[in-house]
Amino acid sequence: MPGLGSAGGDGKRPQAASVVPQAVVGGAARGVARGVENPYLGTMAGFRAKVSADSVATARESAKLARAERYELQAVLRGVIFENPRIRGCLRFPRAAARHVEIHRAHRSRLAHYSGLQTCGRGGLCPCCGAKIAEHKCREIQAALDVWRERGGVPALLTLTMPHYRSQGLSDNLRAILAAYAELVRNGSYRRLRVEAGLKHSIRASEITYGPRNGFHPHLHILGFFGGHFDARAFGDELARLWLANLQRQGVQVDNPGAVLLRGARVQLGFTAGAEYVSKIGRTWGLAEEVAKANRKKGRGEHYSPADLLRHVRDDTLPGAAGVFREYAAAIDGKSLLQWSPNMRDELGLSAEKTDEEIAAGIDQADTVLALLSLHEWRAIRFGGVAAITRVLHLADDDEDGALGYVGELVRCYELSRGY
Ligand SMILES: [Zn+2]
């Protein structure tokens with residue numbers, strides 16, 4: 001019977017390492033050549049390098065699959081928010097006056113993407129623009145955290161929630177929680193508390209999940225930049241008291257004030273040096289990711305993220321999911337889901353903040369241009385639907401000639417179908 005023993009004993013080895021470009025493998029693989037006589041004879045260094053190369057290959061495959069899913073969910077989004085021309089045109093139609101569409105390879109991920117196409121820039125809705133915007137903001141937050149740690153500061157994650165009921169609409173609740181936070185920040189008692197605790201800067205991220213039982217659950221993650229050690233418990237207790245008062249001032253229905261005092265305001269410390277912690281979903285998750293990608297992670301159990309709602313529409317696994325997503329889209333319209341406290345970017349040496357539209361439309365000059373496609377070729381690719389659009393990228397990740405060969409086939413199919 002074939003088993004682990006025979007797989008290890010017959011000398012066969014997984015081939016994944018051979019398909020990983022050297023540029024991606026990095027330090028661990030270089031360690032093979034440096035520190036070991038023969039990396040294939042089972043020394044620990046060789047083994048570690050192999051595991052590392054395999055995990056890089058696996059991570060790359062996951063990233064490719066995630067990219068394909070984003071295009072798939074974007075097509076679902078077009079069916080749900082059908083009246084928005086920017087969403088309809090996002091990554092489908094060339095930009096005004098564009099003479100061709102380009103295929104680029106990103107210098108960070110080493111994956112291919114298109115350039116020269118329209119983008120909607122709706123980070124809270126569009127899976128494709130949202131991913132690019134979240135990555136950008138994640139890097140900025142990480143840079144801010146790095147500066148802060150160098151100065152001896154500590155980060156902490158504050159989570160603010162509010163009581164909510166199935167019958168309440170998201171629009172009203174989101175407005176109420178944002179107003180309660182704005183009021184809290186202006187409040188004299190909170191200002192004093194901040195000074196005592198050494199809370200200098202903060203980034204506010206709004207996260208919205210949905211559960212069939214309790215409806216929408218809007219809550220805020222505040223990434224606090226504290227000046228040094230502080231009494232997190234005392235800070236949390238006082239924060240909860242002020243938070244409850246501000247919710248009540250906004251007219252939020254609070255049937256159980258004790259529960260808000262107990263769970264309405266949480267302060268999480270205990271991060272590693274890399275500002276990571278083991279999150280609710282049980283895996284290590286960076287603070288920057290927690291804040292920047294709040295609405296993009298997969299929900300737990302019956303707490304669905306907006307992306308999960310689109311998956312439910314795609315799979316037809318949640319009755320009314322499209323309507324629920326539309327309510328979410330209407331509620332976040334015109335609202336900033338991520339906000340830096342005043343002067344924070346300046347003081348930490350970050351450049352001026354870009355709008356979501358600018359980030360989505362931006363081109364990274366360090367990326368490699370792999371190919372120029374004529375507008376006719378692009379029409380042929382688009383004619384093949386999401387499957388063709390993502391297949392071209394999938395091929396171009398490693399082999400642009402293969403991708404162009406496939407584009408040639410698509411053009412022939414397109415011309416035949418059009419009676420050229
Ligand atoms: Zn978009």
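Me: Does Cys126 count as buried or exposed?
Reply: This is a predicted model, and in it Cys126 counts as buried, because it has 27 C-beta neighbours inside 10 Å, where 20 or more are needed.

Me: Where does Cys126 lie, and what does Cys126 touch?
Reply: Cys126 lies in the loop between β2 (112–115) and α6 (127–150). Not counting residues up to four places away in sequence, Cys126 touches Gln74, Leu77, Ile87, Cys90 and Cys120.

Me: How many residues apart are Cys126 and Gln74 in sequence?
Reply: They are 52 residues apart in sequence, while their C-alpha atoms are 6.2 Å apart in space.

Me: Switching to strands, what are the bridge partners of His104?
Reply: His104 has Val369 as its bridge partner in β10, and His113 as its bridge partner in β2. Strand β1 (residues 100–105) pairs with β10 (residues 368–374) in the antiparallel sense over 6 bridges, and β1 also runs antiparallel to β2, joined by 4 bridges.

Me: What about the hairpin of β1 and β2?
Reply: That hairpin has 6 residues between the strands, and Arg110 takes a positive phi near 60° there.

Me: Last topic, then: which residues of α13 are buried?
Reply: In α13, which covers residues 321–332, the buried residues are Ala321, Val324, Phe325, Tyr328, Ala331 and Ile332. Seen down the axis of α13, these buried residues fall within an arc of 120°, so they line one face of the helix, whereas Gly323 and Ala330, on the other side, are exposed.

Me: And what follows α13?
Reply: Gly334 follows α13, with a positive phi near 80°.

Terms used. Residues are numbered from 1 along each chain as its sequence is written. This is a predicted model: local features need pLDDT of at least 70, side-chain atom pairs count only at pLDDT 80 or more; totals for chains, interfaces and linings use all residues. Helices (H or I, at least four residues) and strands (E, at least two) are DSSP runs, numbered from the N terminus. The expected span of a helix is 1.5 Å times one less than its number of residues. A residue is buried if 20 or more other C-beta atoms lie within 10 Å of its own, exposed if 12 or fewer, and partly exposed in between; C-beta atoms are placed from the backbone. The arc is that of the directions from the helix axis to the C-beta atoms. Two residues are in contact if their C-beta atoms, placed from the backbone, lie within 7 Å. Two strands pair if DSSP finds at least two bridges between them.
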